[in-house]
Amino acid sequence: MNFIKKANILQILLLILVLNSCTKQEKKVELRDAQLPKNVLPKMKPLNNEGPTLSEAYLNATRNKIAAFYAKNWPRNSANGGFLVAQNGQIIFEKYEGLTNFRTKDSITSTTPLHIASVSKVLTATAVLKLVNANRIKLDQKVNTILKEFPFPDITIRTLLNHRSGLRNYAYFTDRDKNIWDRHNILTNQDILTILATKNIGLESKTDTRFAYCNTNYAMLALVIEKVTKLPYKEAMNQIIFKPLGMKNTFVFDYEKDKDKIVPSYKGNRVEIGKDYLDAVYGDKNIYSTPRDLLKLDRSRNGGDFLEPKLLAQVYEGYSNEREGEKNYGLGIRMINWKTGQHFYFHNGWWHGNTSSYVTLQKEKVTIIALSNKFTKQTYAVRKLAKIFGDYPFEMDEE
């Protein structure tokens, strides 16, 4: 009898050992970006269960303040887009109103992708920074070591990201001279690179001597992403950002495939703005998304797994200090640095009739997103909401 009991105990112990072994084998080892095999792309990671949960009293009080702002900023339901405010990843207030198309009368909803204009630069920078984090490229690597045609030997990845390259804006050097570009032809990123390499465009200023916001920088960064990943920009963004974060309503605009499908944009008087020869260029613009998808991106960027601490610190460093002032630019992010020590990080966008604003209050874990496909500068006024959450010197009633 004792023998049988001992045998049963041994069987139970053996079973426990086997189960423990299986559990250990099922646990995947999380590799840092720099440890990934060279054939595996680094990926953004969702930030889930962020906490702490906001109290109902706080939610109601804050929601009322935001609702009052919304009613004043877009009176008589004049907004045409999507708006969202969240804290700790929890949505406090969101609203979608207006039409995707004034002819078909289709309504804008939480799943309607809208053109985010230059907020696309935040996403392009995110992908580039993940590649830096994974040691596929270096921040201070010369661009001409990646794009062999690139004719400017002093320009680095960093000076593209922080707009200190000195490059000229492609929208200006392609718009008049047919010897440089015929506007009857659709311009591509590769066309811009070829023009820079063959048409003696030259720099607007010596590299890294001054800040000059320039879309050409991010058109070139998109080509860098393609060269390093060996994938089209659209697919690289899917693999590095959109799919891992579940951004199901976000995509890179493909001119030939999407030009008749996407949400059109409008002037303030509801006159539709058509496409032009610049609409195929990506990296600086041409991402469509929703406030909810951009919330996922923001929380991931503010999670501990985005970048190594040393690299992350460089993202939010101001690089344009040749003139004393509060406004500055980091690596794919705008900022205001007040003498009080308070910092405000954001990026705005404007393309055709599309306007966009992305605000990330890191200390308070607040995300503010506003998108519109009918031109209005009111989109940019959402920065005033920062005053509700922290010591930001904006006035809620300022114009």
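Okay, the second largest cavity: its lining is H115, F253, V263, S265, K275, D279, N286, Y288, W351, H352 and N354. By cavity I mean, on a 1 Å grid over the protein atoms alone, a set of points where a 1.4 Å probe fits but cannot get out, and a lining residue has an atom within 4 Å of a point. The volume here is about 50 Å³, where volume is the space filled by probe spheres set on the points, and the points are joined across faces, edges and corners. Sorted by class, that lining has 4 nonpolar, 5 polar and 2 charged residues. For the classes, Ala, Val, Leu, Ile, Met, Phe, Trp, Tyr, Cys and Pro are nonpolar, Asp, Glu, Lys and Arg are charged, and the others, Gly among them, are polar.

Quick word on what we're looking at: this is a predicted model, with local features needing pLDDT of at least 70 and side-chain atom pairs counted only at pLDDT 80 or more, while totals for chains, interfaces and linings use all residues. Numbering starts from 1 along each chain as its sequence is written, and side-chain values use heavy atoms, with hydrogens and water left out.

The largest cavity holds about 70 Å³ of space. It has 13 lining residues, and W74, A79, G81, G82 and L371 are the closest to its centre. Two strands, β1 (81-87) and β14 (366-372), each supply at least two residues of that lining. Helices (H or I, at least four residues) and strands (E, at least two) are DSSP runs, numbered from the N terminus.

Now the open space. The largest pocket comes out at about 330 Å³; a pocket is an open set with protein on both sides within 12 Å along at least five of seven lines.

On to helix packing. Two packed helices are described by the angle between their axes and the distance between the axes. The axes are lines fitted to C-alpha atoms, for helices over the stretch in contact, and the angles run from 0 to 180 degrees between N-to-C directions.

Start with α6 (residues 189-198) against α7: the angle is about 110°, with the axes 9 Å apart. That makes α6 roughly perpendicular to α7, on a scale where under 35 degrees is roughly parallel, over 145 roughly antiparallel, 65 to 115 roughly perpendicular and the rest oblique. From α6, N189, Q190, I192, L193 and L196 meet T216, A219, M220, A222 and L223 of α7, contact being heavy atoms within 4.5 Å. That contact has 7 nonpolar, 3 polar and no charged residues.

Then α7 (residues 215-229) meets α8 (residues 233-242), with axes that come within 9 Å and cross at roughly 75°. So α7 and α8 are roughly perpendicular to each other too. A222, I225, E226 and T229 of α7 touch Y233, A236 and I240 of α8, which split into 5 nonpolar, 1 polar and 1 charged.

How do the axes of α3 (residues 120-133) and α10 (residues 291-301) cross? They come within 12 Å and cross at roughly 40°, so this pair is oblique. V122, L123 and T126 of α3 make the contact with L294, L297 and R301 of α10, giving 4 nonpolar, 1 polar and 1 charged residues.

The peptide bond from G51 to P52 is cis, with omega near -10°, and P52 is found in the loop between α1 (2-26) and α2 (56-73). N135, in the loop between α3 and α4 (157-161), has phi near 65°, a positive value in a residue other than glycine.
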